[in-house]
Amino acid sequence: MGIELQNITKKFSDYTALDNISLNVASGELVALLGPSGCGKTTLLRIIAGLELPDAGKIILEQKDTTNLPPRKKNVGFVFQHYALFRRLTVFENVAFGLKVLPMRERPSRSAIQERVEHLLKLVQMDWAIKRYPSQLSGGQRQRVALARALAVNPKVLLLDEPFSALDAKVRQELRRWLRKLHDEIHVTSIFVTHDQEEALELADRIVVINKGRIEQQGTPQEVYDHPVNAFVYNFLGNVNVFHGRIKEGKVSLGTHHVDAPDELKHTEESASQAFVRPHEIGISKIRSAETDLTGTIQEVRIMGGQIGLNLACEGFEHPIDAEIPRELYVNLQLAKGEKVFVSLNRVRVFASDYEI
Amino acid sequence: MLKPQPPESTLIVKKRISDPLPVQIVLIGLTLLFFIGFIFLPLGLVFAQAFSKGWEYYLEAIREPYAIESVKLTLTTVAIVVPLNAFFGVTAAWAITKFNFRGKATLKTLLDLPFAVSPVIAGLIFVLLVGSRTPFGSWLGEQGIKIIFSTPGIVIATLFVTFPFVARELIPLMEAQGRDEEEAALTLGARGWQIFGKITLPNIRWGLLYGMILCSARSIGEFGAVSVVSGHIRGQTNTIPLHVEILYSEYNFAASFAVASILVFLALLTVGVKVTLEKQFQKNSFHH
């Protein structure tokens, strides 16, 4: 096992940042800690690195209890949200830093350091900038140097704290794919923190969804996305339409639309519930194809690249429903604002109403 | 293609953005007047008085043994005070900006105390603390250590008065830089002294130097606190400002101003170093 976290708890005065968190990460795995800001994910990462101490719990890295070790003995690579490159040092000196501070007997020779730094900079495609200063690089370039610097000390574990959040959208996406590729090459056990569900879904082998200092769910991106265990996870993983309804005789009614309640809620007495539908799981057609179809009017059309967003006022629904359809369908159906359409809710998820968004 | 004309209103606004000419003239004039009245004129008078009895008298006055002793004492004091206060200042700034602890805000406020307290009071505090009539002072006396009316007392008083300069220069700088780089160094396996030497110190070096320059300027010129603890023993406990004052009170104006001109030269030297460093600083801030 690469990383074992056992019952980690951390409080800041009277605020609980982490509440009894246990988590295992296999060697070579790339795990995303996903959650809204303030959920404790960064604190957890800092605790693993030794930059914070937990109030309770154990951190075991590669079978070794490192809970009370200082950061320099943990052998953990850390990549910061704002790069934290040493501004007075060149790119070369930045990457070489971790090797140059080693005690004399462990320190590689000058030429070995040179070689290792050059190799790492090549790996992150920054070898051309070896003599530059951080201020002469763009955000994406800085973060790649920061990654090379963290890898220089051969860390057992690589921790990345919102590594792409300070970059603009296009660079972010590019760097994300590049990191995935790099990880497939070097296989270092990695945890990255993000509040961006797209990033987590695309990049991670496994996603751990955290909320208010607790783990809500963990699993592969597919599992978490397709089978969210509760309303929070479902809601956090993408855009949603929320309907408040009541469960009655094992059914939830949404206007003219009736959905089976999930098994665990079927036998409860009449109770409040929340139903969720993702915008892209809504069908639009000009012909009524099923009796359960809703009738709606297009109130607003948003062009979102390959997808078209529709804002629909549906009969029997208080709030408008958001739908996303492929551009092709939009063109073929010759839709426009004000048009009447039939709306089918293809995939409805129902959760008990014990949770607030 | 025709460029669109800016609407008339923006033209009017543009004219009004800079102050009208008379206001500019008045403000620049007032500033100049102040400079002339409070800096150039007094400086000129210092030199006029210093040379009032001719070159030879001037040279004699500054070569006189007591004058040379006072310069030595002042420079010795600066040589001890500035490194010590650089050390204390870095320590205080480090503690305040890198750690969280109770009473941090109070400590930050207390740092300004030496500026707020009159230097004479500061001097008196040390007389009351380690003067020969206090238990601690008499004990020290028995050990053969004399603080008041000797060099250690002058150094301590100057240390107190000039303590805030370095810390005040560094705290905002270190607060702005944050802890990220230090934390990065920590995760890369660096020890405390390595982090300080390789990361923190290079990041604050200009601020530190600047603080040290201000600290030396004040150390050279300090009168009040030093006057109380020194005892004015000629050739032993007289710093340059004290020597100037003694000569002046003896109506030896030419000699007094001649020695004062040494202070002026030292002040010009520090200002010169400061300007050079500021230029360097601007060049280097590229790598910020």
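**Notebook: sheet, domains and interfaces of chains A and B**

I began with chain A, where an open sheet of four strands runs in the order E2-E1-E4-E5 with antiparallel pairing; strands here are DSSP runs of E with at least two residues, helices are runs of H or I with at least four residues, both numbered from the N terminus, and two strands pair if DSSP finds at least two bridges between them. Strand E2 (15-25) and strand E5 (64-65) of chain A are the edge strands, each pairing on one side only. I then followed strand E1 (residues 3-12) of chain A, which pairs with E2(A) in the antiparallel sense over seven bridges, and I noted that A:Lys11 has A:Thr16 in E2(A) as its bridge partner.

Before going further I wrote down the conventions: this is a predicted model, in which local features need pLDDT of at least 70 and side-chain atom pairs count only at pLDDT 80 or more, while totals for chains, interfaces and linings use all residues. Residues are numbered from 1 along each chain as its sequence is written, chains are lettered from A and ligands numbered from 1 in the order in which they are written, and side-chain values use heavy atoms, with hydrogens and water left out.

**Domains of chain A**

I looked up the domain assignment of chain A, which gives domain 1 (3-236) and domain 2 (241-352), the bounds coming from an automatic or database assignment. The C-alpha centres of the two domains of chain A are separated by 39 Å, and the contact (heavy atoms within 4.5 Å) takes nine residues from domain 1 of chain A and nine residues from domain 2 of chain A. Together these domains bury about 810 Å², 51% of it on carbon and sulfur atoms, where buried area is the accessible area (1.4 Å probe) that two parts lose on being put together, summed over both. Of the area that domain 1 of chain A buries against domain 2 of chain A, 70% is supplied by A:Tyr225, A:Ala231 and A:Tyr234, more than by any other three residues.

**Domains of chain B**

I repeated the look-up for chain B, whose assignment gives domain 1 (22-51) and domain 2 (54-287), with C-alpha centres 29 Å apart. Six residues of domain 1 of chain B and 11 residues of domain 2 of chain B make the contact. The area buried between these domains of chain B is about 770 Å², of which carbon and sulfur atoms give 80%, and I counted zero salt bridges between them.

**Between the chains**

Last, I turned to the interface of chain B and chain A, where 23 residues of chain B are in contact with 23 residues of chain A and about 2400 Å² is buried, 58% of it on carbon and sulfur atoms. The rule finds two salt bridges across this interface; I recorded the one in which the side chains of A:Arg87 and B:Glu181 meet at 2.7 Å, N to O. Helix H11 (180-187) and helix H12 (192-221) of chain B each supply at least two residues of the side of chain B that touches chain A.

Methods:
A salt bridge is a side-chain nitrogen of Lys or Arg within 4 Å of a carboxyl oxygen of Asp or Glu.
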